[in-house]
Amino acid sequence: VENNDVPIVIIGSGYGGAVSALRLCEAGKKVVLLEMGLNWEKAGIPFSNLLKPGKSSAWLKNKSIAPFMNIFSLTPFTGTLDRLDFDHIKIWVGRGVGGGSLVNGGMAVTPKESYFREVFPDLDAEKFYNYYFPLVQEELKVNVIDEQFLKDCPYYKFTRVGEAEAHKAGFKTIRVPNVYDFKYMEKEFRNEVPRSALNTEVIYGNNHGKNSLDKTYLRKALETGNLEILDLHRVQTIQLNDDKSYTLNVRQTDTSGVMIADKVFHCKKLILSAGTMGTLQLLLQSHAENGFPINEKIGKNWGNNGNFMTGRNWVKPLSGGTGAKQSTIPVGGIDNWDDPEHPFFTEIAPLPMGMDVATSLYLLINRVDKKGEVAYHKASQSLTLNWDESNTAKMRENAQYFIRKMNKANGGTRSHLLFNNGFGADICYHPLGGCVLGEATNEYGKLKDHENLYVLDGSLIPGTIGVNPFVTITAIAEYCIENLIKQKEFA
Ligand code: FDA
């Protein structure tokens, strides 16, 4: 077994990991980042599009795992998209250097200030809205679609129809910023550059256009010369040593998931950025297997960010369908958050299936009135989730209200084609919480009962933030790492 001694290890290269890496490297610290997924840029393997799922489409599976229409068989490969199946909920996560930024739709939404204040009463909201949110918008290269392009482009008919129908039903719509480079998209449309968003590329990775973390935070961190990224390195368990340092048991694999080497890493400082489910798995599994100390708040205050998918079929009678050609990058949203009875936000989502399926797809984001809890089951070596229909009852009510109102004004039916009963209560893209800031950690993400362990990822957010979460995850990580460095935690 190969032994490695390094001062600082970060586990996971998503938003939390990328922010921590950049700020520590800028401060002159040497950092090793362990990522279980593949470094796609280095490997030079192209991402697959939605219509032809290939190598990048699933994490070591025999069949594709999109939310619907999985008719494709695959040769197992360390793909970008993984799905964790629980009894009442399926959770999709990104794998690879860049984490969720490789697979997500790039929607870069700043939360409503009033809700941010409600979720994080102890944070200085003014500082977040004046400093951290603008900072991460710049670092993540957030931009907005040109209104004239949106109006003229046939690939955005689904958005124009979605917005017109929402207005007719009395709902308010908003423009949604994104990290996809819209100037690039305009060139795609004019056939001046290779197509990505206009070629059904999204949840299996984008070959062009999208400013994922490997193009932003991680690239900048590598440019300092202080960062080493080891891909296809999965941390299996963590141990606490007598001198308060950590030992990590790590398995390196090839792209078919077969073990290449087992390695041991010793580090003084450890940052967990394995994503909500990855970080919880590491903490809870290590606790069960080697008595790793964790506090009683770990696993508690977990939520699906109110994710509830739904759709409408036969969006035809009044609107003439949603278009055969669709960009994969969403730019429209319906904002019903201030309705006291049915508060929700929903993305007007694309459904690029290569033909006009006359279907509108919506990913609703609701409040999470009843939180869940994550635990570890030793016999099956897997996480369990205390979560069932009672947790999503209010979300279903909101979806029902929304679809009824839309259909009444515009025609159409609830989408039985896409989902059983027309509702995808079990679809989750935004797992959050379980290691909540100020509860399981101190005010800057340092784990309680530990001197050298930090959590910086989505698990810090208490289960809900009211919009798509990566802008908030990034901003919280910036806030935490800045203060941890100021407090000389890494000196
Ligand atoms: P993140 O999950 O990004 O990264 C964790 C990394 O750790 C992964 O790369 C993983 O492989 C690695 N890892 C885990 N365990 C490990 C271990 N034991 N050893 C080594 N490495 C390990 N959000 C948004 O704001 N706008 C959007 O449009 C979308 N759209 C969207 C679509 C889809 C399909 C998904 C699945 C998700 C979204 N999201 C989204 C959600 C967003 O992508 C998500 O909230 C963030 O990526 C979470 O960031 P984290 O830093 O918490 O972890």
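1. Helices (H or I, at least four residues) and strands (E, at least two) are DSSP runs, numbered from the N terminus. On that basis the protein chain holds 11 helices and 21 strands, and β7 supplies three residues to the shell around the ligand, the largest share.

2. This is a predicted model, in which local features need pLDDT of at least 70 and side-chain atom pairs count only at pLDDT 80 or more, whereas totals for chains, interfaces and linings use all residues. Residues are numbered from 1 along each chain as its sequence is written, and side-chain values use heavy atoms, with hydrogens and water left out.

3. The ligand is surrounded by 36 residues, a residue being near when one of its heavy atoms lies within 4 Å; the closest are Glu35, Gly100, Met107, Gly458 and Phe470.

4. Of the 1000 Å² of accessible area (Shrake-Rupley, 1.4 Å probe) that the ligand has on its own, the protein covers 95%.

5. For the chain as a whole, the radius of gyration, taken over C-alpha atoms, is 22 Å, which agrees with the value near 23 Å that a compact globule of 491 residues would have; the globule rule is 2.2 Å times the number of residues to the power 0.38. The C-alpha atoms fill a box of roughly 70 × 45 × 45 Å along the principal axes.
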